[in-house]
Amino acid sequence: QAFYHLGNSLRLSAPPEEAAAALRQAIDLDPGLHEAWFSLAFLHFHSHQPAEAGQLLQDLCGRNPADPKLHHQSASLLAGFGQHASASALYEKLSDLQPERAAVWQQWGMQCQKLGRYEEAASHFRHAITLDPGQGLPYLLLAHTRRAGEADRPLRELFETALARPALDRDSRACMHFGLGKLHDDWGEYDQAFEHFRAANELRRAQAPFDRAAWHGLVDDLIRVGRQLQFKPPVLKTEGPVAGFVVGMLRSGTTLVERLLGNGGKAQGLGETELLDAFVQRIGEFTGVPYPDCLLRLSEQDRAAIAADYRRQMSAGHAGATLVLDKNPLNFMHVGLIALLLPEARILHCRRDP
């Protein structure tokens, strides 16, 4: 326990080699101290050693082949580290340990989908539905494993039968409507698709109501604060990968742009992250002032420290890239923050006729 806590303290204050040595000592003294394995895995990942992090978690599960909780934790972390093949392998083992647990098959299918194994993913989603027909997410995921053709017409009955269940919760019902909307859209039945999308969005709106006046106020505040900030000129060269942001309205081609850039091998995609939103929250808590006025309270030293932390988190696991892309289109709201903290960042604004 002492070496484990020492390792965690060193992770925040010392070179990673010192923290790793302490955590390895904890593991050597007590291989059953699983928290030390997880801490060391996180340390490897944040030190740009994702393969070592993945191997460590696989070794941990190999030493505990009959522990489903450990497999779940490790598989979830592997998925978060972007090691979908290793995560898929652990979920496959979990399907033997907990064959009746629908969530295992759903998560396994999601990893297969990430790997482009769509038929296998569809099979796992179907099995999850068989085990627990009242959970809506597997239906939605199943609808997105392929472009539905005439041979997929039986899916409509499967989805509609599930929708008829009286005990469905609001989120599951929304997922099924979204899935049916996708199917009808694929079949060219746009009126039916629109009705299902409308029903799904009405269900979701009740969970996440939209305040139009508050949104207008936020935009006005961003403009006001942006006019008061002092921006540095763009930096042409920096050490390590450069942050890139693909922004714009939804459905404006952000995914296509990320894929095209990734084909060259120099750019690597993070997908749609909420990392910038997390930094917005942290800056507000640090200054005690709501966003975006909190940006006016940052000193030059504060900006440099926050920017360094962002670059570290953004580039974790992507040391070989020259450009690391976050394609969350809603980051258009934070373009001012990006320019303030990361003057070297590349911002790609996707526009499309409405």
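**Group meeting: a walk through the predicted model**

Let me open with aspartate 186, which, not counting residues up to four places away in sequence, touches Arg146, Arg147 and Ala148, where contact means heavy atoms within 4.5 Å. This is a predicted model, in which local features need pLDDT of at least 70 and side-chain atom pairs count only at pLDDT 80 or more, while totals for chains, interfaces and linings use all residues. Residues are numbered from 1 along each chain as its sequence is written, and side-chain values use heavy atoms, with hydrogens and water left out.

Staying with aspartate 186, its place is in helix 11, residues 170-186; helices (H or I, at least four residues) and strands (E, at least two) are DSSP runs, numbered from the N terminus. Aspartate 186 is buried, with a relative accessible area of 12%, on a scale where buried means under 20% relative accessible area, exposed over 50% and partly exposed in between, using a 1.4 Å probe and protein chains only. Its side chain makes a polar contact with the side chain of lysine 182 at 2.5 Å, and a polar contact here is a pair of N or O atoms within 3.5 Å, of which, within protein, one must be able to donate a hydrogen and the other to accept it, with residues adjacent in sequence counting only if both atoms are side-chain atoms.

For the chain as a whole, there are 17 helices and four strands, and the C-alpha trace spans about 60 × 55 × 40 Å along its principal axes. Buried residues make up 43% of the 354 residues, and of the contacts with a separation of 6 or more, 63% are between residues 24 or more positions apart.

Turning to helix 5, residues 68-80, we have 13 residues reaching 18 Å from the first C-alpha to the last, close to the 18 Å expected at 1.5 Å a residue, the expected span being 1.5 Å times one less than the number of residues. Aspartate 67 caps the N-terminal end of helix 5, with a side-chain oxygen 3.2 Å from the backbone nitrogen of lysine 69, and after helix 5 comes glycine 82, whose phi is positive, near 80°.

Next, a helix pair. Helix 15 (residues 275-287) and helix 16 (residues 300-315) pack at an angle of about 150°, with their axes 12 Å apart; the axes are lines fitted to C-alpha atoms, for helices over the stretch in contact, and angles run from 0 to 180 degrees between N-to-C directions. The two helices are therefore roughly antiparallel to each other, a label for angles over 145 degrees, whereas under 35 counts as roughly parallel, 65 to 115 as roughly perpendicular and the rest as oblique. The contact includes Phe279 and Phe286 of helix 15 and Ile306 and Tyr310 of helix 16.

Finally, some backbone details. Most residues other than glycine have a negative phi, and most peptide bonds are trans. Proline 292, in the loop between helix 15 and helix 16, is joined to tyrosine 291 by a cis peptide bond, with omega about 10°. Arginine 251, in the loop between strand 1 (242-248) and helix 14 (254-262), has a positive phi near 70° and, at 71% relative accessibility, counts as exposed.
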